[in-house]
Amino acid sequence: LLLFADRVISMSSYVSRRFWFLRRKTDIVFYIMNKPQYAKAENHIAGSPLRLVFPAQFRYGKNQQVVICAVKRYIEQTGDDTIRLYLPGDGARLDEMKSLAARLKIDKNVIFPGKLSLDGVLELYEKCNIALCASNVETYGRCIAEPFMLGRCLLTRNTGVALDIIRDGENGLLFDGEEDLARQLVKLHDNPGIVVKMGNQAFVDRKMFSAESVIDSYLHVISKA
């Protein structure tokens with residue numbers, strides 16, 4: 001790529017920064033998000049009760065334990081026992097995370113739906129008002145882009161495509177670690193209008209993933225080649 005490519009296309013700034021030596025010839029171009037579920041004309045999102053979802057494989061680096069412990073902190077600080085956290089997926093650490101939720105006595109607040117199809121995940125997003133991404137690393141992050149397209153309130157670590165689409169405090173919220181996530185959840189509990197505001201702004205900004213926008217990005221890259 002360094003020697004022979006005229007332009008390099010990267011799916012996110014997170015990836016392009018890992019290949020810093022290609023920076024001068026790299027452009028960011030998103031995936032086209034064209035599932036029928038994304039074509040809805042209106043966004044319907046409630047501010048409460050808090051319904052959280054983080055679909056991911058249960059393995060090291062995905063950090064479901066961070067989210068589970070943050071929910072425990074949230075319940076202790078607010079007394080709100082109506083919060084629900086959905087963790088769809090499978091993997092080597094699934095039983096460990098189930099045991100953690102039971103040990104913290106929040107197993108009724110943390111639901112493990114198992115491995116879902118993509119359509120199943122999208123349906124779950126629509127049933128929830130907050131989407132999470134606690135991963136250490138995402139090259140792109142469907143768990144970031146998909147709920148953004150669906151107009152959910154997104155809380156994410158600064159990884160993957162979050163670097164390119166999230167304006168912290170406007171169309172999503174960034175967090176880093178268990179304590180910070182718990183603090184953000186308490187903030188949303190106290191100000192449920194923020195959940196609605198963030199979700200609706202994401203719904204407006206989602207046009208960056210449209211076919212028209214992505215094709216324009218490709219044409220721009222080609223014009224510089």
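Visitor: What is the relative accessible area of Arg167?

Guide: This is a predicted model, in which local features need pLDDT of at least 70 and side-chain atom pairs count only at pLDDT 80 or more, while totals for chains, interfaces and linings use all residues. Residues are numbered from 1 along each chain as its sequence is written, and side-chain values use heavy atoms, with hydrogens and water left out. Buried means under 20% relative accessible area, exposed over 50%, and partly exposed in between (1.4 Å probe, protein chains only). Arg167 is partly exposed, and its relative accessible area is 34%.

Visitor: Which side chain meets that of Arg167 in a salt bridge?

Guide: Side chains of opposite charge can pair when their charged atoms come close. A salt bridge is a side-chain nitrogen of Lys or Arg within 4 Å of a carboxyl oxygen of Asp or Glu. For Arg167 the distance from N to O is 2.9 Å, and the partner is Glu170.

Visitor: How many salt bridges does the count come to?

Guide: Salt bridges that share partners join Arg7, Asp27 and Lys224 into one network. Another bridge is that of Arg157 with Asp176, with 3.0 Å between the closest N and O atoms. By this rule the count comes to 15.

Visitor: How many residues apart in sequence are the parts that Asp81 and Lys108 tie together?

Guide: Helices (H or I, at least four residues) and strands (E, at least two) are DSSP runs, numbered from the N terminus. The closest N and O atoms of the salt bridge between Asp81 and Lys108 are 2.7 Å apart. Asp81 lies in the loop between H2 and E4, and Lys108 in the loop between helix H3 (94-103) and E5, so the pair ties together parts whose separation in residues is 27.

Visitor: Which side chain of opposite charge is nearest to Asp80?

Guide: Asp80 lies in the loop between helix H2 (64-78) and strand E4 (84-86), and its side chain has a polar contact of 2.5 Å with that of Tyr74. A polar contact is a pair of N or O atoms within 3.5 Å; within protein, one must be able to donate a hydrogen and the other to accept it, and residues adjacent in sequence count only if both atoms are side-chain atoms. Lys and Arg count as positive and Asp and Glu as negative, with His and the chain ends not counted. Asp80 is buried yet has no salt bridge, and at 6.8 Å the nearest side chain of opposite charge is Arg51.

Visitor: In what order do the six strands of the open sheet stand?

Guide: Two strands pair if DSSP finds at least two bridges between them. The edge strands, E5 (110-111) and E8 (173-174), each pair on one side only. The pairing is parallel, and the order is E5-E4-E3-E6-E7-E8.

Visitor: Which residue stands opposite Leu155 in E7?

Guide: Strand E6 (residues 130-133) and strand E7 (residues 153-156) run parallel and are joined by four bridges. Ala131 stands opposite Leu154 in E7. Opposite Leu155 stands Leu132.

Visitor: Which residues of the largest nonpolar core touch the most other members?

Guide: In soluble globular proteins, nonpolar side chains tend to be buried together. A nonpolar core is a set of buried Ala, Val, Leu, Ile, Met, Phe, Trp, Tyr and Cys residues joined through side-chain atoms within 4.5 Å. Of the 67 residues in the largest one, those touching the most other members are Ile68, Leu155 and Phe209.

Visitor: Which element gives this core its largest share?

Guide: E7 has both faces covered, with Cys153 and Leu155 buried on one side and Leu154 and Thr156 on the other. The largest share of the core is seven residues, and these come from H2.

Visitor: How far apart in space are Met149 and Asp205, C-alpha to C-alpha?

Guide: Met149 lies in helix H5 (residues 142-149) and is buried, with a relative accessible area of 4%. Contact means heavy atoms within 4.5 Å, and beyond its neighbours within four places in sequence, Met149 is in contact with Met33, Tyr38, Phe203, Arg206 and Phe209. Met149 and Asp205 are 56 residues apart in sequence, and their distance in space is 8.3 Å.
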